[in-house]
Amino acid sequence: MNVKLELFASAVSEAIHQAIEYIHIDTDDIHSVALVVLGEIKSIIQDETIEDDFYVVEEIVKVFEKYHIDAGFRHDFG
């Protein structure tokens with residue numbers, strides 16, 4: 001383990017923690033968006049008109065992108 005990196009990460013974490021104490025975050029709104037995302041993903045999974053699993057994953061990734069959720073690098077073919 002890199003001690004300097006761990007100390008830096010700890011300091012950054014503490015600074016962020018202190019800063020967000022003064023920011024109002026509407027957790028109900030976050031919860032609502034999460035339910036919408038899950039609903040869209042559920043609809044895609046249940047859509048029997050999509051025959052190829054690759055396209056099911058493609059549509060789910062599009063939902064992630066729509067809500068600015070990082071889908072990772074494994075599906076980035078661009």
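1. I50 is partly exposed, with a relative accessible area of 23%. The terms work like this: buried means under 20% relative accessible area, exposed means over 50%, and partly exposed is in between (1.4 Å probe, protein chains only). I50 sits in the loop between α2 and α3. Its C-alpha atom is 19 Å from that of E65, and the two residues are 15 apart in sequence.

2. A word on the source. This is a predicted model, where local features need pLDDT of at least 70, side-chain atom pairs count only at pLDDT 80 or more, and totals for chains, interfaces and linings use all residues. Residues are numbered from 1 along each chain as its sequence is written, and side-chain values use heavy atoms, with hydrogens and water left out.

3. Now the overall fold. The protein has three helices and zero strands. Along the sequence the pattern reads α-α-α. The radius of gyration is 18 Å, well over the 12 Å that the globule rule gives for 78 residues, so the protein is more spread out than a compact globule. That radius is taken over C-alpha atoms, and the globule rule is 2.2 Å times the number of residues to the power 0.38. Helices (H or I, at least four residues) and strands (E, at least two) are DSSP runs, numbered from the N terminus.

4. Next, extent and surface. The C-alpha trace spans about 50 × 35 × 20 Å along its principal axes. Of the 78 residues, 10% count as buried. The protein exposes about 7100 Å², and carbon and sulfur atoms supply 60% of that area. Accessible areas come from the Shrake-Rupley method with a 1.4 Å probe; for residues, only the protein chains shown count as cover.

5. Charges come next. The protein has 5 positive and 17 negative charges, and their mean positions are 5 Å apart. Lys and Arg count as positive, Asp and Glu as negative; His and the chain ends are not counted. The place of a charge is NZ of Lys, CZ of Arg, CG of Asp or CD of Glu.

6. How far should α2 span? At 1.5 Å a residue, the 20 residues of α2 should span 28 Å. The end C-alpha atoms of α2 are 28 Å apart, which agrees. The expected span is 1.5 Å times one less than the number of residues in the helix.

7. Which residues of α2 are buried? They are V37, I41 and I44. These residues cover an arc of only 55 degrees around the axis, which puts them on the same side of α2. The arc is that of the directions from the helix axis to the C-beta atoms. On the other side of α2, D28, H31, L38 and Q46 are exposed. An α-helix has 3.6 residues a turn, so residues three or four places apart point the same way.

8. V36 is partly exposed, at a relative accessible area of 41%. A34 and Y67 are 33 residues apart in sequence, and 9.5 Å apart in space, C-alpha to C-alpha.

9. On to α3. Its 14 residues should span 20 Å at 1.5 Å a residue, and its end C-alpha atoms are 20 Å apart, which agrees. Here V56, I60, V61 and V63 are buried. They cover an arc of only 155 degrees around the axis, which puts them on the same side of α3. On the other side of α3, E65 and K66 are exposed.

10. Last, check H68. H68 lies in the segment after α3 (53–66). Is H68 buried or exposed? At 75% relative accessibility, H68 counts as exposed. H68 has a positive phi of about 60 degrees, although it is not a glycine.
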